[in-house]
Amino acid sequence: MIFENITHLYQELKTNNKHSLCVFDLDSTLFNVSPRSEKILHEFAVDRNFPELLKIKIQMEDWGIYEALLRAGYDKVQNEDLHQNLKKYWNEKFFSHEYIHYDTPYLGAIHFVQSLKLSGVGIKYLTGRDVFRMGQGTAEVLKKWGLPCDPAQIHLKPQKEMDDHLFKLEWLQKLAQDHPKSQIYFFENEPVNINLVGDHMPNVRLIYMNTTHSRRDNVRALHTEIFNYTIERD
Ligand SMILES: [Mg+2]
């Protein structure tokens, strides 16, 4: 079956706790990264003496820094230098240990993961973040929010140049080989990643966290769509 909503999924996970493995993406799946981008944007505004940019808010649905700039009226043709300079500035800070501390968990996310862990469900994190730039900060942030954070649960790309989708697919294939009796649940916001896993691993349950994504594809694979982690009763 495919779950109607997050509450049904939660109930099944608790029922089949010993044979369930939940794999969570981090950025835009468990954590809203908009505060991270907004902090960087506002630091840029101060550093580069561009006070009008301080008025711009990054919304939860925004992808990267570009969409907020466009919404505020800074199109790319007439503001090419601004776009390029801000993108470079944003790139250097967004993928760093320091700035992921500004992320905030989505509604219900902390309780959802903590509760599953207490029930005996396996918890893993699988992220396109890379070890060198974000490994230490990732562990710190998980710990700060009270999430399970054993190093064996946290999986980042060994090199930043790797494709996120291939890294995740290969990692999940290995996980399935190592745990043939477990049901894997993959929580992810990026349709490209979901579709690839759906195409190659039909037995993985796909949970699409509909927050924001790269706009490169829509979800085609069979999935359950969620918008947050609030459950009706516990
Ligand atoms: Mg993500």
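How many helices and strands are there in the protein chain?

1. The protein chain of this predicted model has 8 helices and 8 strands. Its radius of gyration is 18 Å, close to the 17 Å given by the globule rule for 234 residues, so the chain is as compact as a globular protein of that length. The C-alpha trace spans about 55 × 35 × 35 Å along its principal axes.

2. Of the 234 residues in the protein chain, 36% are buried. Taking contacts between residues at least 6 apart in sequence, 69% join residues at least 24 apart.

3. Helix H7 covers residues 164–178, which is 15 residues. From first C-alpha to last, H7 reaches 21 Å, close to the expected 21 Å at 1.5 Å a residue.

4. The buried residues in H7 are Phe 167, Lys 168, Leu 172 and Leu 175. Viewed down the helix axis they fall within an arc of 125°, so they line one face of H7. On the face turned away from that buried side are the exposed residues Leu 166, Lys 174 and Gln 177.

5. The cover over the buried residues of H7 includes strands E1 (20–24), E4 (122–130), E5 (154–157) and E6 (183–188), together with helix H8 (191–200).

6. Lys 181 sits in the loop between H7 and E6. Lys 181 counts as exposed because it has 6 C-beta neighbours inside 10 Å, and the cut-off for exposed is 12 or fewer. Between Lys 181 and Lys 124 there are 16 Å in space, C-alpha to C-alpha, and the two are 57 residues apart in sequence.

Definitions and conventions: Residues are numbered from 1 along each chain as its sequence is written. This is a predicted model: local features need pLDDT of at least 70, side-chain atom pairs count only at pLDDT 80 or more; totals for chains, interfaces and linings use all residues. Helices (H or I, at least four residues) and strands (E, at least two) are DSSP runs, numbered from the N terminus. The expected span of a helix is 1.5 Å times one less than its number of residues. A residue is buried if 20 or more other C-beta atoms lie within 10 Å of its own, exposed if 12 or fewer, and partly exposed in between; C-beta atoms are placed from the backbone. The arc is that of the directions from the helix axis to the C-beta atoms. Two residues are in contact if their C-beta atoms, placed from the backbone, lie within 7 Å. The radius of gyration is taken over C-alpha atoms; the globule rule is 2.2 Å times the number of residues to the power 0.38.
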